[in-house]
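Here is a guided walk through one structure. Keep the sequence and the 3D view side by side as you read.

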Amino acid sequence: MTPDLMEEGARRIARVQAPAMGQTESGGRAAGFARVATPGEVDVTHGRILYLEDVHVSFDGFKAINGLSLDIAPGELRCIIGPNGAGKTTMMDIITGKTRPDSGTVYFGSTIDLLRHNEPQIASLGIGRKFQKPTVFEQLSVFENLELALKTHKGVKSSMFFRLDSAQSDRLAEVLHTIHLADGVARQAGNLSHGQKQWLEIGMLLMQDPKLLLLDEPVAGMTDEETARTAELFLTLKGKHSLMVVEHDMSFIRTISEKVTVLCDGSVLAEGTLDQVQADERVIEVYLGR
Amino acid sequence: MTTPTIHLPAPAPLLTRTGWSAFFIALIVVCAVAPVLNLWVPVGSALHMSDYAVALLGKIMCYAICALAMDLIWGYTGILSLGHGLFFALGGYVMGMYLMRQIGRDGNYQSDLPDFMVFLDWKELPWHWALSDSFIATLVLIVAVPGLVAFVFGWFAFRSRIKGVYFSIITQAMTYAAMLLFFRNETGFGGNNGFTDFKRILGTPIATQNMRMLLFVLTGCTLLAFFLLARWLTLAKFGRVLQAVRDAESRVMFSGYSPLPYKLTIWTISAMMCGVAGALYVPQVGIINPGEMSPANSIEIAVWAAVGGRATLIGPVVGAFIVNGAKSWLTVTAPEFWLYFLGALFIAVTLFLPNGVVGLVKKLTKRGAAQ
């Protein structure tokens, strides 16, 4: 068997399966052993949209991530908790291509090796990220912020001649409603309240239509009402999208979570429902038992 | 659930009605009023526009093009270049080479070669002068040379993610290095003296009143055209991506945009605009030498943009007129104070007018409207 022969065989299988492609996220294919990797398409037939194994990162000798292994199922809403310095943000940096791990594997679906892509490519593949500090384009209006995030061709030439079509306008209006900023379309993003900026950033993620959302402290600085609405939003997103939420607000996590992962010192300490991890003695020791 | 319709803002027009009116008034002033006042109104008349004024305004309009180019890269994209004088000088040198060839055998040594080459005892034209006889090739090279230099430099700098003050310092070093290179006689750019003593352009004498007026009109039209181009670029989504790169580059990347091609495009366009400005400048002032690449010149371009108001387009144009107007006045009346004045102006603007003169005017009119 030469690589050429294998590729030829792969192409033949692709031709046979072509009619079934594009029906679902995985191309309508069931789990099997002789499948073909389609570039840019997320293959979730193995039931995992994100897969990290034995990832190590150190900064100047400090082991920020130390043998982290974690996986997330399609449509899952996973909460990540952990004390400060546990490596939560660094983990997101690795997934989104901002930080290169020293060793380990990071896969999006079964076929896309995220370590081979840079930030814009990973974003285009369908991973959206909200930063811990709300990061929006302060000088632009709410509308322009969302328009920039819109899923479309993002090259220079298409940006020069870009016009919003009606389907895209509808999508934009829909997201504006979802994030409760419909009244503030023309407001400058820099003038929004902290909570509204958080919402705008979430809205920008939604415009990208990502398959996986990484949310770093999404309800920090929000009022109780805003927090409740955010929880509601996340629950509606669950199923259609996969979400990974890093939060410190335990009541918020209790509202939304099904499965919680506790990170400590750069690796997974415990995993399970919130009640399970809260009962875990090691977790109580490092995190909850103040 | 039915969602109530939201009125999404319509794309902004290239210019508003008042904007277009102002644009056409400026066009008429440049193309009709100025020539009439200079060429037909008799010299003694109060309405006469002196040759000095034509030369000064023509020069300032070249500077205004540079300020506009600086605004695109600094005001909109947040990349402070302190090397734009290089692109200006490169455009100027390309034009200068053509003008040197136009001298023909009328130089001091009556040779086919430019005087400085005879002086250096050179027997034939160096390779990089090959296209200098053709006006068409000159026109192409005026944008191509600064564009290419900017593209190559920008590609390496932006790919390495060099930002902020580091980028500014490197651009400063770039123009300084180029200046030292052009100062050398063996590089074939006329060394210390540069190019001067031009006689003709396209076979027509260059020092006549009509030719000066023609160059003035061309410069004005170029400035106006570049203004429209810049306006179009900044109003398109392209321009908003540039502002997004300025405000939160990581968010741009995580939104799926690769900042490199955006930065590179606007950087190269900006350099090309400066090249055109330089090419218009040289026949009007009649000389180009490596002094144009001195770091101070590049810094001055940034000062014009800052004084006028960054990220406003009209601001830097106004800034170029204000600063250079003040310069030509002060260097005559109190030459020893000019540099102090420039420094004080820059500090004052940075401290008290972060949005420049245009920002101040906007603030005042807003306050006036509110009362």
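Two residues are in contact if their C-beta atoms, placed from the backbone, lie within 7 Å. On that basis, the contact between the chains takes 24 residues from chain B and 33 residues from chain A. On the side of chain B that touches chain A, the elements giving two or more residues are α8 (237-247), α9 (249-254) and α10 (259-285) of chain B. The most comes from α8(B), with seven residues. By type, this side of chain B divides into 13 nonpolar, seven polar and four charged residues. Here Ala, Val, Leu, Ile, Met, Phe, Trp, Tyr, Cys and Pro count as nonpolar, Asp, Glu, Lys and Arg as charged, and the others, Gly among them, as polar.

A word on the source. This is a predicted model, in which local features need pLDDT of at least 70, side-chain atom pairs count only at pLDDT 80 or more, and totals for chains, interfaces and linings use all residues. Residues are numbered from 1 along each chain as its sequence is written, while chains are lettered from A and ligands numbered from 1 in the order in which they are written.

Now take chain B as a whole. Its secondary structure comes to 14 helices and four strands. Helices (H or I, at least four residues) and strands (E, at least two) are DSSP runs, numbered from the N terminus. The C-alpha atoms of chain B fill a box of roughly 85 × 55 × 45 Å along the principal axes. The radius of gyration, taken over C-alpha atoms, is set against a globule rule of 2.2 Å times the number of residues to the power 0.38. For 371 residues, a compact globule would have a value near 21 Å; chain B has 22 Å, which agrees. Of the contacts in chain B between residues at least 6 apart in sequence, 78% join residues at least 24 apart.

How much of chain B is buried? Buried residues make up 41% of its 371 residues. A residue is buried if 20 or more other C-beta atoms lie within 10 Å of its own, exposed if 12 or fewer, and partly exposed in between. H48(B) is partly exposed, because it has 15 other C-beta atoms within 10 Å. This residue sits in the loop between α1 (17-40) and α2 (51-76) of chain B. Beyond its neighbours within four places in sequence, H48(B) is in contact with L37(B), V41(B), P42(B) and V43(B).

Turn to chain A and its sheets. Two strands pair if DSSP finds at least two bridges between them. Six strands of chain A form an open, mixed sheet in the order β6-β7-β8-β3-β9-β10. Its edge strands are β6 (127-130) and β10 (267-272) of chain A, each pairing on one side only. The twist averages 20° from one strand to the next. Angles run from 0 to 180 degrees between N-to-C directions, and axes are lines fitted to C-alpha atoms, for helices over the stretch in contact. Strand β9 (residues 259-264) of chain A pairs with β10(A) in the antiparallel sense over five bridges. Within β10(A), V268(A) is the bridge partner of L263(A).

Another open sheet in chain A has four strands, with antiparallel pairing in the order β2-β1-β4-β5. Its edges are β2 (62-72) and β5 (112-113) of chain A. Helix α2(A) lies across β1, β2 and β4 of chain A, at about 65° to β2(A).
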